[in-house]
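The sequence and the structure are shown below.

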Amino acid sequence: MADNEATLLLKIKQVGQNVLDKVGESLDTLKDMVLVVGAALATFAVTAVKAFKESQEASNSLSQAMIQQGVYTTSLKKKYDEMAGSLEAVTTFQDDQITQAQAVLQGHIGQKEITQQLMQATLDLAAAKNMDLSSAAELVGRTLAGETNALARQGIELDNVGDKT
């Protein structure tokens, strides 16, 4: 009888040890999964904050350019924001890149309003010449401002029949 009790106690101990080992393995797996998910969340958070910061900088830059040119109104700013959003949907450029390009253009064209066609032409230039959008906006803006024909240096000739807008 004592042998049966000892055998039973050994079996209980063995089963208990096996269960504890499986729980320990499960906890190790869970720990690894939590670390991976935590790292992914941290990366996402950093990326989201960076994107928000870039978007705010572009928006502030556009507002400042509009203020400096004396054309800032909330309705015009809203129109530019809507334009950036609609152009983002049909191009490869992000809205904050478009907003930054609008700021560059506004700084060059003064008190004239940036049109959808002007922005589309600037986006097309950037895509066709494989250049960043701010550089394309700088070229278009300088040409429209009459400083130099910066586009001619890129092999693009403007027709002088229409007005500068």
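## Residue Thr122

Is Thr122 buried or exposed? In this predicted model, Thr122 has a relative accessible area of 0%; since buried means under 20%, Thr122 is therefore buried.

Thr122 belongs to helix α4. Leaving aside residues up to four places away in sequence, Thr122 touches Leu105, Leu133, Ala136, Ala137 and Val140.

## Helix α5

Helix α5 comprises 13 residues (133-145). At 1.5 Å a residue, these should span 18 Å, and the end C-alpha atoms are 18 Å apart, so the two values agree.

The N-terminal end of α5 is capped by Asp132, with a side-chain oxygen 3.3 Å from the backbone nitrogen of Ser134. Just after the helix, Gly146 adopts a positive phi of about 80 degrees.

Within α5, the buried residues are Leu133, Ala136, Ala137, Leu139, Val140, Gly141, Thr143 and Leu144. They pack against α3 (95-109) and α4 (116-128).

## Packing of α4 and α5

The axes of α4 and α5 lie 8 Å apart, and the two helices pack at an angle of about 125 degrees. Angles from 65 to 115 degrees count as roughly perpendicular and those over 145 as roughly antiparallel, so α4 and α5 are oblique to each other. The crossing of α4 past α5 is right-handed.

On the α4 side, Leu118, Thr122, Leu123, Leu125 and Ala126 take part in the contact; they meet Leu133, Ala136, Ala137, Val140 and Leu144 of α5.

Notes: Residues numbered from 1 in each chain as written. Predicted model: local features only at pLDDT ≥ 70, side-chain atom pairs only at ≥ 80, totals over all residues. Heavy atoms only, no water. Helix = DSSP H or I, 4+ residues; strand = E, 2+ residues; numbered from the N terminus. Expected span 1.5 Å × (residues − 1). Buried < 20%, exposed > 50% of the residue type's maximum accessible area, 1.4 Å probe, protein only. Contact = heavy atoms within 4.5 Å. Polar contact = N/O pair within 3.5 Å; in protein donor to acceptor, adjacent residues only side chain to side chain. Axes fitted to C-alpha atoms, helices over the stretch in contact; angles between N-to-C directions. Parallel < 35°, antiparallel > 145°, perpendicular 65-115°, else oblique. Left-handed = near helix turned anticlockwise from the far one by under 90°.
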